[in-house]
Amino acid sequence: MDASAYTGQFLTLLIIAMALGFDAFSLGLGIGLKGIRLRDVLKLGVVIGLFHIIMPIGGILTGQLVSGLLGDVATTAAGVLLVLLGGHMIYSSLRGEEVQSFNHRSTAGLLVLALSVSVDAFSVGVTLGMFSANMWLTILLFGFFGGLMSMLGLLLGRKVSGNLGEYGEACGGAILLVFGFIFIF
């Protein structure tokens with residue numbers, strides 16, 4: 001591959017990685033608004049970054065084997081997960097202590113959150129696999145930006161959460177709902 005083709009592929013993958021990172025940022029912002037410990041910021045960021053590596057690998061390998069029909073399905077699934085998470089956060093906020101809020105500290109909760117923002121990385125990986133994109137460059141950029149953007153969102157949400165009080169969880173849920181509906185429609 002000549003230098004100009006490599007540069008073009010790098011810039012394309014960089015832009016895609018940043019766009020996928022914004023999804024992780026929105027999830028982080030929503031969770032951070034509820035209030036989160038610094039240790040959990042790091043843990044969530046690392047796990048989301050790892051999922052932003054694992055999911056595109058699966059997508060690239062799948063894209064090398066099948067057609068691009070899976071792309072819309074994966075993006076819709078990511079949207080549905082975000083809508084469900086956002087709806088649950090709003091419901092928990094409105095019901096107060098009666099409803100257990102979604103626990104991002106549990107293993108299951110952590111995996112669902114990471115999966116919800118990484119499913120679209122799978123669909124992008126399918127397309128990139130069909131076009132024989134450089135897998136190592138793809139997963140390094142996706143993992144870096146997924147982890148970084150989620151941590152930035154978590155930290156920003158955490159900083160703002162003290163000013164929102166009891167409405168922080170509802171605001172975070174609303175953010176997730178909006179991004180979820182954007183993915184669905």
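A salt bridge is a side-chain nitrogen of Lys or Arg within 4 Å of a carboxyl oxygen of Asp or Glu. The model described here is predicted, and by this rule its count comes to two salt bridges.

**Salt bridges**

| Pair | Closest N to O |
|---|---|
| Arg37 and Asp40 | 3.3 Å |

Lys43 and Asp40 both belong to helix H2, where three residues, about one turn of the helix, separate them. Through shared partners, the salt bridges join Arg37, Asp40 and Lys43 into one network.

How accessible are the members of this network? Asp40 has a relative accessible area of 2%, so Asp40 is buried. Arg37 has a relative accessibility of 40% and therefore counts as partly exposed. Lys43, with a relative accessible area of 34%, is also partly exposed.

**Nonpolar core**

In soluble globular proteins, nonpolar side chains tend to be buried together. In this model, the largest nonpolar core holds 33 residues. Leu27, Ile31 and Leu44 have the most contacts inside this core. Two or more residues come from each of helix H1 (3-34), helix H2 (38-65), helix H3 (70-95), helix H4 (107-130) and helix H5 (135-164). Helix H4 gives the most, with nine residues.

Which residues does Leu44 touch, leaving aside its neighbours within four places in sequence? Leu44 is in contact with Ile31, Ile36, Leu110, Leu113 and Leu154, and also with His104 and Ser150. One of these partners, Ile31, is likewise listed among the residues with the most contacts inside the core.

How values were computed:
Residues numbered from 1 in each chain as written. Predicted model: local features only at pLDDT ≥ 70, side-chain atom pairs only at ≥ 80, totals over all residues. Heavy atoms only, no water. Core = buried A, V, L, I, M, F, W, Y, C linked by side-chain atoms within 4.5 Å. Buried < 20%, exposed > 50% of the residue type's maximum accessible area, 1.4 Å probe, protein only. Helix = DSSP H or I, 4+ residues; strand = E, 2+ residues; numbered from the N terminus. Contact = heavy atoms within 4.5 Å.
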